[in-house]
Amino acid sequence: MRFFITGGAGFIGSAVVRNIIKNTQDEVVVIDSLTYAGNLESLNSINENNRFHFENVDICDRAELDRVFVQYQPDAVMHLAAESHVDRSIDGPAAFIETNIVGTYKLLESARKYWNGLELDKKQAFRFHHISTDEVYGDLHGTDDLFSETTPYAPSSPYSASKASSDHLVRAWQRTYGLPTIVTNCSNNYGPYHFPEKLIPLIILNALSGKSLPVYGDGSQIRDWLYVEDHARALYKVVTEGVVGETYNIGGHNERKNIDVVKTICQLLEELVPNKPNGLDHYADLITYVKDRPGHDVRYAIDASKIAKELDWTPAETFESGIRKTVEWYLNNETWWQRVLDGSYAGERLGSI
Ligand SMILES: NC(=O)c1ccc[n+]([C@@H]2O[C@H](COP(=O)([O-])OP(=O)(O)OC[C@H]3O[C@@H](n4cnc5c(N)ncnc54)[C@H](O)[C@@H]3O)[C@@H](O)[C@H]2O)c1
């Protein structure tokens, strides 16, 4: 198969690309405009492979989208390109509306035009897989409730509202035009190549340099964590075996309070890097509680029983095994994250960040 992977230079997209190139004979075309979150260095391990192609294309550019569909004739689109950081969406929602809503609309229209021109067997086999988040469901306040595929949408942030909007567009294009779409909604991911503004890499890197470890509010918010390579495997199952028109929730069954995630990272660093910076006694001494994020969701937790039952997918990593792998990855891949922190990963395109 030949896949379009939008956002393939991002955190999850690059894991999807590496998984496909390493573990299948399929071909990949990454469609990515390389915003601050796009990093081609996350693809260094596979970019020499002749089944890998890269196109620097913005999903809001309809003419360029039409060009790449004609040029590459993909069998499926896996749509991950998005603005993805909640804090950035609060500070500046415009880019989220543009990329997540308008960009998804343009991609749907370009895909529909291409799909309409396909021969019947190719048309039936084509898939448009939209990758979304559990944040579209809002948050949970009880301790036992779970998000299922039928939980009503109630997004809280500009980010989750823009993703909810794009999910609705994708389902409408299936219902109205018959475009063969599938939607997945996933919990929080973590793992290698995660941009250092997100909680887990931020805590690892701040701790290593003796900086404070900021925790929103009292740190009691609960997230359901999934190792990114488990997500990448799930997405491949869905795009190749999932049923058109269906939604699959993907989660790791790993609910943790934010403060416990931070303390777990500190404990791992005590073991793996006992030589601490600045005469520090314990990494946990760096924990600093900061003013809570506006509209902060209390708890997310996913019921992933549908994908387990229907597509035989379950995560391979527990939180304990995945977080250890993640901390070890950051310790062994300093060049990757140093070049993100000093801005050199982006060359001239972004200026310093
Ligand atoms: N990170 C998570 O925990 C998580 C969980 C569930 C779902 N998701 C969803 O998965 C997808 C990928 O998330 P991520 O964490 O890898 O995001 P990311 O921010 O790391 O990567 C996004 C990628 O999209 C590209 N991009 C942004 N705007 C673009 C545009 N207009 N045109 C083309 N490319 C553009 C960026 O350059 C980057 O490579 C997103 O749709 C997100 O909503 C993320």
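Which strand or helix gives the most to the shell around the ligand? That's β5, with three residues. Helices and strands here are DSSP runs numbered from the N terminus, with helices being H or I of at least four residues and strands being E of at least two. Before going on, a word on what you're looking at: this is a predicted model, where local features need pLDDT of at least 70, side-chain atom pairs count only at pLDDT 80 or more, and totals for chains, interfaces and linings use all residues. Residues are numbered from 1 along each chain as its sequence is written, and side-chain values use heavy atoms, with hydrogens and water left out.

Let's stay with the ligand. There are 28 residues around the ligand, and I12, D32, S84, Y159 and K163 come nearest; a residue is near if one of its heavy atoms lies within 4 Å of the molecule. Sort the shell by type and you get 13 nonpolar, twelve polar and three charged residues. In that count, Ala, Val, Leu, Ile, Met, Phe, Trp, Tyr, Cys and Pro are nonpolar, Asp, Glu, Lys and Arg are charged, and the others, Gly among them, are polar.

Now for some polar atom pairs. A ligand oxygen sits 3.0 Å from a polar backbone atom of G10. A ligand nitrogen is 3.2 Å from a polar backbone atom of S33, and a ligand nitrogen is 3.0 Å from a polar backbone atom of I59. On its own the ligand has 840 Å² of accessible area, and the protein covers 96% of that (Shrake-Rupley method, 1.4 Å probe).

Buried means under 20% relative accessible area, with a 1.4 Å probe and protein chains only. Among the buried ones are F11, I12, R18 and N19.

Further along is α8, residues 228-241, with 14 residues and a reach of 20 Å, close to the expected 20 Å. Its buried residues include V228, D230, H231 and L235.

Finally, the cysteines. C60 counts as buried because its relative accessibility is 15%, and C186 counts as buried because its value is 3%. The structure holds zero disulfides (cysteine sulfur pairs within 2.5 Å).

Note on methods:
Polar contact = N/O pair within 3.5 Å; in protein donor to acceptor, adjacent residues only side chain to side chain. Expected span 1.5 Å × (residues − 1). Buried < 20%, exposed > 50% of the residue type's maximum accessible area, 1.4 Å probe, protein only.
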